[in-house]
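Here's a quick briefing to read alongside the model.

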Amino acid sequence: MFEINELILKKAKELGFGDVVVLAYEQNRRQVRFANNEITVAKNWHTQKVNLFVEYQKRLASTTLTALDEKTIEKTLQMLMKSVKNLAPKEDYYGIAEGPFEYKDIPETFDKAIVELDEPNEYVEVAINAALEEGAKRTAGVLYTDHNKLYLTTSNGVEAFDEGTGIEISIRAFIGDEESGHGTNSVRVLKKFDPESAGRKAGEIAKMAVNPVQGEAGTFDVIFDPLAFANLMSYMSFMASAFAVEAGFSFLVGKLGQKVANDIVTIKDVGNMPNAYGTRKFDDEGVPTRETTIIENGTLNTYLLNTSFARKYKRETTANAGLLMPEAWNVYVGPGDYSKEELFSEVKRGIYITNVWYTRFQNYVTGDFSTIPRDGAFLIENGEIVKPIRNIRVSDNFQHILESIAALGKDLYHIHWWEVNTPVFTPYVLVKDVGITRATK
Amino acid sequence: MHELVEFAVEKAQELGASYAEARFEEKNGTEIVMKNGNPEGLGILADRGIGIRVLVNGGMGFASTNVLTKESVEEAVKKAVKLAKAAAKLRNRPIQFSEEDFHQVFYEVKMKKDFRNVSAEEKMEYLKLIEESVKETGVNTPMRFLRYGDFMWHKVFMNNEGALVESLIPRVSITYNLVVFEDGQMEQAPFVQRAFSGGLELIEKDKPWEWAVKDVKALQKLIKEGQKPPEGKVDLVLAPEVAGIAVHESVGHPYELDRIMGREAAQAGESFVKPEMLGERIGSEAVTVIEDPTIPNSWGFYLYDDEGVKARPRYLIREGIINEFLMNREYAAYLGMKSNAAARAINYNREPIVRMANTYLAPGDYSFEELIEDVKLGVYMVSFNEWNIDDRRYQQRYIGREAYLIENGEIKHPVRRPILEITTKGLWSSVDAVGKEVEFYPGTCGKGEPGQGVPVWMGGAHARLRDVVLRR
């Protein structure tokens with residue numbers, strides 16, 4: 001693909017473009033979806049495409065090319081030039097990173113065994129059987145295998161290549177209509193794949209959730225399962241982006257250097273984490289990915305930046321380009337020192353929430369939101385789970401949640417599924433005084 | 001392109017598929033983003049490819065490619081057939097499709113002002129107009145995210161049962177997020193969208209800049225004059241925007257038959273509705289909910305679905321009674337019925353699944369004044385921000401953005417964030433009157449994995465709910 005990248009770059013420069021980024025993908029993705037303990041559909045995608053970003057005197061344009069012949073390339077570039085030429089400039093554009101850079105191999109991001117895996121259905125069966133063994137009556141979920149190649153060429157001297165694999169499963173187990181549990185497992189190398197643990201967790205929670213009673217509204221201490229807390233943290237990946245902050249989609253607006261969470265809270269983006277689903281060697285400008293501490297001991301340390309935002313704010317890039325919109329690779333919530341049992345023993349009367357979905361904001365800048373517990377939720381009394389509850393809603397404020405984190409588990413879990421698009425590493429989390437509401441009619 | 005589509009269908013049959021379909025899709029369009037007055041950039045959309053779906057031994061396989069050569073398409077067909085064969089081994093019952101009448105048709109939505117003939121610079125003018133109109137109000141609006149988008153959606157669908165459907169549907173939209181900051185307080189109108197199937201004349205007629213002005217003025221008034229809403233049992237009048245989200249979430253979604261049958265259980269969830277609930281009462285006699293893909297120029301417009309079945313209006317609730325589910329061929333067959341053309345895919349590389357198009361609360365015979373005049377104490381909820389619903393589509397909540405107190409039959413001052421948290425049956429049983437005029441609001445409906453955000457309209461007439469509990 002590098003020959004095509006070079007060709008595009010050469011033609012773009014000839015036409016008079018300034019900054020040019022050519023990011024080519026070659027992707028092989030396979031999916032097995034299942035429901036009611038049987039496969040509903042199996043899919044395969046093979047995609048070749050080039051994401052192209054060009055700049056002409058501070059005027060920006062981007063497109064994706066899927067036909068990669070010379071004629072299409074020339075035509076596309078001419079059309080881009082014609083389109084941007086008359087646009088007003090983006091006055092706060094400050095360019096892309098100066099390469100070249102050196103890249104290190106990141107452990108556990110590529111595994112030939114996944115590329116050569118002929119038939120992944122046995123893993124689906126393993127997960128389904130584990131959930132059924134725990135007492136589930138039916139299961140639904142999805143398995144993916146991934147093999148991606150990335151070729152990056154920029155007008156500032158970058159030529160970079162990355163190749164990665166992954167396999168993951170997400171499974172939900174049901175007993176009746178309202179008794180369900182969910183488990184996931186996402187890895188980059190086959191020998192670490194554990195679909196059984198995902199199925200078992202889903203089944204265990206579904207079994208615990210049998211015969212739920214209506215939950216009460218009020219203020220409760222809540223233990224968020226990693227699956228549940230990851231959903232909330234996945235919104236951090238967007239809200240920490242300098243773009244989201246400027247556009248009014250973040251509760252972090254104007255809070256750099258301020259306390260936004262309890263002292264025990266540290267949240268990072270780690271783009272180069274081994275065996276993590278979002279890991280890449282470099283960002284969209286070619287800057288080597290790294291660890292960026294967004295919130296350090298409760299204080300907002302930085303937004304996620306690309307080179308242009310970094311220059312605008314007189315900072316260093318955090319290697320999170322997205323050229324228009326910086327974004328997180330893997331959100332990482334720093335662990336505490338509680339075992340799961342110790343965390344539960346801290347709660348006199350509270351709720352254990354195993355999963356949430358449908359998180360929506362009343363106001364992004366104030367951070368007011370609600371989210372709905374999905375799958376088993378349980379009342380805790382004196383450190384023990386006493387009964388399953390249903391039909392409640394978490395209605396609170398994002399910053400209040402972060403400020404009220406009272407304890408963190410010591411083990412981190414890697415969560416990536418339909419509702420958690422940006423991967424999140426998080427422990428079990430105890431949050432004090434969480435608003436819980438319920439329907440009134 | 002027809003030859004390649006036909007080749008895919010024939011090849012799949014040769015390789016053993018009992019059912020085969022191929023769908024070529026091409027999207028060409030423009031996106032322009034402006035943030036706080038700065039043109040952020042121009043995006044050109046140019047995407048095309050073929051998706052092939054097959055049934056072999058009762059298993060379903062899907063594969064797609066964007067390399068439009070015979071070799072590449074053949075490779076994709078082989079993969080789809082192989083995947084279907086393997087999937088069949090892990091099935092208790094073979095997948096079958098309902099019997100349908102198929103057509104060979106071409107249809108298109110004409111544009112009076114064709115966006116393909118208009119420069120990016122001119123399209124940027126729409127966003128500038130929003131910027132200027134908002135500035136002219138004098139309302140302090142420090143964060144302004146604006147987006148213009150258009151694309152021509154070209155599809156060619158063919159199956160081995162005689163369907164050949166080609167369509168050309170242009171779509172235009174403008175989206176904004178506006179943050180109003182006055183007197184040390186902040187209110188927000190996020191992701192407000194105006195969107196249509198058709199040309200730029202629809203944007204010019206709709207005037208999104210006037211919607212934006214209305215929004216920032218309402219938010220300013222809310223900051224300056226807003227009071228706490230009443231608490232406890234009151235009457236509630238939902239404007240079409242709020243009625244629209246409520247019918248979409250609590251009627252459209254739970255009536256999707258694939259969801260009812262558990263296919264989406266791990267993703268978009270299940271449903272409180274069961275097949276045997278057809279004919280059961282779910283709301284008052286005032287409530288009729290219609291799902292209609294065929295509304296001209298609607299954001300969710302289509303005349304044939306992505307399985308080649310001809311579309312028609314679907315009455316999900318008729319006078320309070322559950323009347324019809326949304327179906328594709330696979331799930332219609334389970335009930336021994338015919339599909340009602342709800343199968344949609346967002347792109348060539350996605351499978352068609354059961355989706356909504358344009359869902360609305362059908363009009364009644366009350367004027368707006370009649371709805372308000374005998375409300376002693378209540379709230380008029382014009383628009384909403386936060387909303388969500390559980391995955392069985394029973395417990396939901398809507399929080400008002402623009403909302404007003406109703407007292408003794410008159411609309412009074414704005415109220416801040418009235419909260420309606422209610423069950424589906426509770427909501428639709430409380431409706432005692434519905435207005436005459438229908439309005440629609442666009443949205444992007446999420447479902448499927450990988451996610452498929454499909455364009456939909458939601459709306460309806462005003463609805464009056466009696467004796468519902470409101471919270472602050």
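In this predicted model, helix α4(A) and helix α5(A) cross in a right-handed way (right-handed if the near helix is turned clockwise from the far one by less than a right angle, left-handed if anticlockwise). Helices here are DSSP runs of H or I with at least four residues, strands are E runs of at least two, and both are numbered from the N terminus. A few ground rules: residues count from 1 along each chain as its sequence is written, chains are lettered from A and ligands numbered from 1 in the order in which they are written. Local features need pLDDT of at least 70, side-chain atom pairs count only at pLDDT 80 or more, totals for chains, interfaces and linings use all residues, and side-chain values use heavy atoms, with hydrogens and water left out.

**Helix pairs**

- Two packed helices are described by the angle between their axes and the distance between the axes.
- In chain A, the axes of α4 (residues 121–133) and α5 (residues 195–208) come within 7 Å and cross at roughly 30 degrees; axes are lines fitted to C-alpha atoms, for helices over the stretch in contact, with angles running from 0 to 180 degrees between N-to-C directions.
- α4(A) and α5(A) are therefore roughly parallel (under 35 degrees; over 145 is roughly antiparallel, 65 to 115 roughly perpendicular, and the rest oblique).
- On the α4(A) side, the contact is made by A:Tyr123, A:Val126, A:Ala127, A:Ala130, A:Ala131 and A:Glu133, and they meet A:Pro195, A:Glu196, A:Gly199, A:Arg200 and A:Gly203 of α5(A); contact means heavy atoms within 4.5 Å.
- The residues of that α4(A)–α5(A) contact split into 6 nonpolar, 2 polar and 3 charged (Ala, Val, Leu, Ile, Met, Phe, Trp, Tyr, Cys and Pro count as nonpolar, Asp, Glu, Lys and Arg as charged, and the others, Gly among them, as polar).
- Over in chain B, α3 (residues 120–136) and α5 (residues 208–225) have axes that come within 9 Å and cross at roughly 30 degrees.
- That makes α3(B) roughly parallel to α5(B), and their crossing is right-handed.
- B:Tyr126, B:Leu129, B:Ile130, B:Ser133 and B:Val134 of α3(B) make this contact with B:Pro208, B:Trp209, B:Ala212, B:Val213 and B:Val216 of α5(B).
- For α3(B) with α5(B), the tally is 9 nonpolar, 1 polar and no charged.

- A:Gln362 sits in strand β14 (residues 356–363) of chain A, and its relative accessible area of 3% makes it buried (buried is under 20%, exposed over 50%, partly exposed in between, with a 1.4 Å probe and protein chains only).
- Leaving out residues up to four places away in sequence, A:Gln362 touches A:Asp368 and A:Phe369, plus B:Asn385, B:Glu386, B:Ile399, B:Gly400 and B:Arg417.
- Its side chain reaches the backbone nitrogen of B:Glu386 at 3.4 Å.

**B:Glu31**

- Look for B:Glu31 in strand β1 (residues 19–35) of chain B; at 30% relative accessibility, B:Glu31 counts as partly exposed.
- The side chains of B:Glu31 and B:Arg147 are joined by a polar contact of 2.7 Å (a pair of N or O atoms within 3.5 Å; within protein, one must be able to donate a hydrogen and the other to accept it, and residues adjacent in sequence count only if both atoms are side-chain atoms).

**Buried residues in chain A**

- A:Thr292, in strand β10 (residues 291–296), is buried at 4% relative accessibility.
- A:Ser308 belongs to helix α8 of chain A and is buried too, at 7%.
- Beyond four places in sequence, A:Ser308 touches A:Asp92, A:Tyr93, A:Tyr94 and A:Gly95.

- Most residues other than glycine have a negative phi, and most peptide bonds are trans.
- The peptide bond from A:Ala321 to A:Gly322 is cis, with omega near 25 degrees.
- Another cis bond runs from B:Glu449 to B:Pro450, with omega near -5 degrees.
- A:Asn382 isn't a glycine, yet has a positive phi of about 45 degrees; at 62% relative accessibility, A:Asn382 counts as exposed.
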